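Trainee: Could you show me how to read the features of a model such as this one, taking the general idea before the particular case?

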Amino acid sequence: MCEIQQFVQSAVLLFILTGISVLKTGHPYMCLMLSGILFIVFTIRSLNEEKDLILLCIQIIISAAFVWCSGTNFSFLIFYECRLYKKPTNILFPGVTFGLYQTIFHTVETPWIICYILILIMVSSVMGFFESAVNEYFMVRMRIEESVSVAAINEMYQKKLNHELIIKNYLADRNARLEERENISRSIHNSVGHSITAAIMTLDAADMILDSSPDKAREKVNKANERMRGSLDSIHQAVRVLDNGNDFKSIEDFLKDLTEITQNFVMDTQIKMHTDYLVSDNNINLPDTQAEFLIGAVQEFLSNGVRHGNADSFTVIAVSDSRHIKVSVQDNGKSDFSNENRVRRIKAGFGLKKIISYAHRCGGDVELINENGFKAEVVLPIFRKDENVQI
């Protein structure tokens, strides 16, 4: 039983025994004073978590004085509240003290001594049973409250986990949509942007020679028309690549596509182009998304070299081993790109920003150098088919 419940039981018993004793004793004031002292001792013992032997001895002495003053045999029940260290002793203690008292003073006949001892033991047993029942009740109640508290805490924790899971799923879905949008925008920009730029340049050239050479102008217009149709095909190709992001393309097919876009660029711009491909393993396969990205990156670098650097000569190099592929584009242009304006130029340029973002997301890197012409180099790790990696 907890200290408060024990204190209440002791105070109630003391109050009942004091009332009986005051009515029968010839020393009522002394009895009341000893009762008050016992009440103080009960209070101190209830506040003291550890069992104090000195307080116990004081309580036994004052309880003996209270019994002597009360003049009633039932006042020996106060010894039950001395609460010795073993519970069976508490039950027997009132009867034992009564027997010792009668052995010394012998105020009643022996049969009555035995009778009173049995009565005191019986009443103490009832008090002990009542105390155990109350204690068990509060223990069960405490366990129920703890169980309810634990269940409530677990429910709150589960709700928190569910809420966090909902947020994580929402963010993952949102990031997936943003990534898909970025892939679409990059693919369309890289694939279509170059074709449209080439078509515009061809139409400008046709306009310049329209009066002097109508046949050549018509030829260029037809070529621009072909380039615009090619732009539409590029859009369809970009969408197909995004829809089939887990498909792979052989390194040979990738190099054929790279050769085709460089040759088309030469036909559109009449510039010099040198290509060099070094492949250590012809059995390498690239994910379609990576192949499409590298083709678009080369187109972006070529277009930027003409538009921003007025370059008229390019070198395109592709190198691969079993785990990496590197594609670089070097021109002889006069770009104003530098380490000082690097961050600002990349943020301002839609194409470069998308290329760097995708390369870093794949675990690759992009290097931009402006020394004796502009050089852009993209390095990507090669994911094999059995690695089941989606970019």
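This is a predicted model: local features need pLDDT of at least 70, side-chain atom pairs count only at pLDDT 80 or more; totals for chains, interfaces and linings use all residues.

Trainee: How many salt bridges does a search of the whole structure find?

Mentor: The search finds six salt bridges across the whole structure. Some of them join residues of one helix, and for those the general idea is that an α-helix has 3.6 residues a turn, so residues three or four places apart point the same way. In the present case, Glu145 and Arg141 both belong to helix α5, which covers residues 110-208, and they sit four residues apart, about one turn of the helix; their side chains meet in a salt bridge with an N to O distance of 3.4 Å. A second pair in helix α5, Glu155 and Lys159, is likewise separated by four residues, about one turn, and its salt bridge has an N to O distance of 3.6 Å.

Trainee: Which residue forms a salt bridge with Asp257, and how far apart are the closest N and O atoms?

Mentor: The partner of Asp257 is Lys249, with the closest N and O atoms 2.8 Å apart. Buried means under 20% relative accessible area, and Lys249 counts as buried because its value is 19%, while Asp257, at 25%, is partly exposed. Elsewhere, Lys326, Lys375 and Glu377 are linked in a network of salt bridges.

Trainee: What span does helix α7 reach, and what would be expected for it?

Mentor: Helix α7, made of the 19 residues 251-269, reaches 27 Å from its first C-alpha to its last, which is close to the 27 Å expected at 1.5 Å a residue. After α7 comes Gln270, with a positive phi near 60°.

Trainee: Where else is phi positive in a residue other than glycine?

Mentor: Two further cases are Asn310, with phi near 50°, and Asn372, with phi near 55°. Asn310 is placed in the loop between α8 (288-309) and β4 (313-320), and its relative accessibility of 65% is why it counts as exposed. Asn372 is placed in the loop between β6 (365-370) and β7 (374-381), and it is exposed as well, with a relative accessible area of 81%.

Trainee: What does the side chain of Thr97 lie beside, and is Thr97 buried or exposed?

Mentor: Thr97 belongs to helix α4 (residues 87-105) and is buried, since its relative accessible area is 12%. A polar atom of its side chain lies 2.8 Å from the backbone oxygen of Pro94, and, once neighbours within four places in sequence are set aside, Thr97 is in contact with Phe76 and Phe79.

Trainee: Which residues make the nonpolar surface patch?

Mentor: Ile4, Val8, Val12, Phe15, Ile16 and Ile20 make this patch, of about 610 Å². Val8 lies in helix α1 (residues 3-24). Patch residues must have over 30% relative accessible area, and Val8, which is partly exposed, has 45%.

Terms used
Residues are numbered from 1 along each chain as its sequence is written. Side-chain values use heavy atoms; hydrogens and water are left out. Patches are made of residues with over 30% relative accessible area and no salt bridge: like charges are joined within 9 Å, nonpolar side chains (Val, Leu, Ile, Met, Phe, Trp, Tyr) within 5 Å. Accessible areas come from the Shrake-Rupley method with a 1.4 Å probe; for residues, only the protein chains shown count as cover. A salt bridge is a side-chain nitrogen of Lys or Arg within 4 Å of a carboxyl oxygen of Asp or Glu. Helices (H or I, at least four residues) and strands (E, at least two) are DSSP runs, numbered from the N terminus. Buried means under 20% relative accessible area, exposed over 50%, partly exposed in between (1.4 Å probe, protein chains only). The expected span of a helix is 1.5 Å times one less than its number of residues. A polar contact is a pair of N or O atoms within 3.5 Å; within protein, one must be able to donate a hydrogen and the other to accept it, and residues adjacent in sequence count only if both atoms are side-chain atoms. Contact means heavy atoms within 4.5 Å.
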